[in-house]
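Morning, everyone. I have one structure to walk through today, and I will keep it brief. Please bring it up on your screens.

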Amino acid sequence: MGEKLMVRKARRAASHGLIERLLAEHTFALRRFIRVRLHTEQQHECDDVLQDVYMRLSQIEDLPAKLAGRLDTTRNYLLQIASNLIIDRARRAQARKQASHISSNDDDEVPLYCEVNSPERSLANKRKLQRIERALQKLKPAQRQAFLLHRVEGLSYREISDRLGLSVSTIEKHIAAALTSARQAIAKEEHDV
């Protein structure tokens with residue numbers, strides 16, 4: 001047990017060392033890319049995305065082994081991670097904006113009853129979420145894991161492939177099978193209700 005822990009610590013240290021070297025080598029290109037994509041000159045926003053890139057890389061199991069054959073495409077890989085993170089940030093910002101927006105009627109009064117937040121709609125959404133959760137529990141573990149990494153954590157197929165140690169085509173098949181199974185299970189339950 002102690003040996004495995006030491007090996008894990010050594011791999012983690014090697015991964016962090018590699019991440020620091022990669023970011024040191026590609027920071028200028030990453031910052032320029034992030035500034036252009038975010039349409040900003042704000043240093044703290046670039047720093048936030050760079051920190052997220054570091055965190056995403058640190059989550060990849062045995063990073064040095066996974067990047068060993070791809071040193072010529074490492075910069076593109078880092079730019080893709082940054083791009084995905086920027087897209088995720090924009091989606092979250094848009095969702096927050098929509099959630100906090102309340103439109104007013106002609107009298108500039110907020111209506112007392114809103115269909116969006118009605119109890120009926122909340123209950124229907126809760127039931128649908130429960131059906132989705134049950135459908136996901138019925139999936140094969142690899143399919144469920146690939147699906148959740150893609151749809152919940154927002155990882156690309158390549159990132160999931162790196163994390164799970166499977167080919168990109170296998171990840172594509174897992175996610176497609178998961179979507180099909182989930183849709184069928186939900187449709188069946190809705191039909192039975």
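Start at Arg 89. This arginine is partly exposed, because its relative accessible area is 24%. Keep in mind that we are looking at a predicted model.

What does Arg 89 form a salt bridge with? The partner is Asp 52, and the closest N and O atoms are 4.0 Å apart. Asp 52 sits in helix α2, while Arg 89 belongs to helix α4, residues 74–100. So this pair ties together parts that are 37 residues apart in sequence. Asp 52 has 26% relative accessibility, so Asp 52 counts as partly exposed too.

Stay on helix α2 and go to Arg 56. Its side chain meets that of Glu 159 in a salt bridge, 3.6 Å from N to O. Arg 56 lies in helix α2 and Glu 159 in helix α7, residues 157–164, so the pair ties together parts 103 residues apart in sequence. Buried or exposed, these two? Both Arg 56 and Glu 159 are buried.

Now Asp 47. Its side chain and that of Arg 31 form a salt bridge, at 2.9 Å from N to O. Asp 47 is in helix α2, which covers residues 43–58, and Arg 31 is in helix α1, so here the linked parts are 16 residues apart in sequence. Asp 47 counts as partly exposed because its relative accessibility is 32%. Arg 31 comes out at 21%, so Arg 31 is partly exposed as well.

How many salt bridges are there in total? The count comes to five.

Next, the surface. Where does positive charge gather? There is a patch made of Lys 4, Arg 8, Lys 9 and Arg 12. Take Lys 4 from that group. Lys 4 is found in helix α1, residues 2–38. Its relative accessibility is 58%, and the cut-off for exposed is over 50%, so Lys 4 counts as exposed.

Now step back to the whole protein. The secondary structure is eight helices and zero strands. The protein has 193 residues, and 29% of them count as buried.

One last number, on contacts. Take those with a separation of 6 or more: residues 24 or more positions apart account for 64% of them.

That's it from me. Over to you.

Terms used:
Residues numbered from 1 in each chain as written. Predicted model: local features only at pLDDT ≥ 70, side-chain atom pairs only at ≥ 80, totals over all residues. Heavy atoms only, no water. Patch = residues over 30% accessible without salt bridge, like charges linked within 9 Å, V, L, I, M, F, W, Y side chains within 5 Å. Areas by Shrake-Rupley, 256 points an atom, 1.4 Å probe, with all protein chains shown as cover. Lys, Arg positive; Asp, Glu negative; His and termini not counted. Charge placed at Lys NZ, Arg CZ, Asp CG, Glu CD. Helix = DSSP H or I, 4+ residues; strand = E, 2+ residues; numbered from the N terminus. Buried < 20%, exposed > 50% of the residue type's maximum accessible area, 1.4 Å probe, protein only. Contact = heavy atoms within 4.5 Å.
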